[in-house]
Amino acid sequence: SAVEVIYQAQLTDPENQLIGLPDFLIRQADGQYQAADAKLARSIDKKEIRIQLGFYRKLLGNNLPARVYLGTGEVVEVGDEVDAEVAKFIIEVRPVIESPDMPLVRYSESKCKACAFYAVCKPQFIEKDELTLIYGIDTRSAPGLERQGITTVAALANAEPEKIEDVPYLKGFEKKQRAVFQARAYKTGE
């Protein structure tokens, strides 16, 4: 009998060297699988989330919308309205995939797992205690934290949220407090 839910499936397109790792594949009544991810995000406004879920749809090769379970408890679906964004992302990532040289990038769980250099880069990111290992800290927010002397996950874990200045995509006490808590959890494993 068919499996109703597959956890952390690996979707591949060997011809184009593409890999996708959705949190879940949910079997539908017609036997097709629908990609689904759980996110801490509170909305689907983040371009990266839309592209990630649209990318899973492309790899599955069906017309089912992908489902996102948000941190608010809301369930949102992403359909063919993101196909153009996904196509653009694939064009932009193609030179990275085809290059024999390791790219100069920051860490991003969803993007890095699809890269041929993942097994090489991730240990290096961990060794250097890269800020972007923390969910919510990315290439847009990390430079602003670094200018304040918060250059590692350990430094973020030891920071006082109320003393961190607003930086792009990390504004307001609640977001900064969440980032500090996530850094502490990352460092302690709790």
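**View 1. Arg67 and Glu77 join up in a salt bridge.** In this predicted model, the side chains of Arg67 and Glu77 meet with an N to O distance of 3.4 Å. The pair links distant parts of the chain, with Arg67 sitting in strand β6 (residues 66–69) and Glu77 in strand β7 (residues 75–78), ten residues apart.

**View 2. Glu174 pairs with Arg42 in a salt bridge.** Here the closest N and O atoms are 2.9 Å apart. Glu174 belongs to helix α7 (residues 173–188), while Arg42 is in the loop between β5 (33–38) and α1 (47–60), so this pair ties together parts that are 132 residues apart in sequence. Glu174 is partly exposed, with 45% relative accessibility.

**View 3. Arg27 and Glu4 form a salt bridge.** Look for their side chains meeting at 3.9 Å, N to O. Arg27 is in strand β4 (residues 24–27) and Glu4 is in the segment before β1 (5–7), so the contact ties together parts that are 23 residues apart in sequence. Arg27 counts as partly exposed, at a relative accessible area of 27%, and Glu4 is partly exposed as well, at 48%.

View 4. Which residues are linked here?

Technical notes. Residues are numbered from 1 along each chain as its sequence is written. This is a predicted model: local features need pLDDT of at least 70, side-chain atom pairs count only at pLDDT 80 or more; totals for chains, interfaces and linings use all residues. Side-chain values use heavy atoms; hydrogens and water are left out. A salt bridge is a side-chain nitrogen of Lys or Arg within 4 Å of a carboxyl oxygen of Asp or Glu. Helices (H or I, at least four residues) and strands (E, at least two) are DSSP runs, numbered from the N terminus. Buried means under 20% relative accessible area, exposed over 50%, partly exposed in between (1.4 Å probe, protein chains only).
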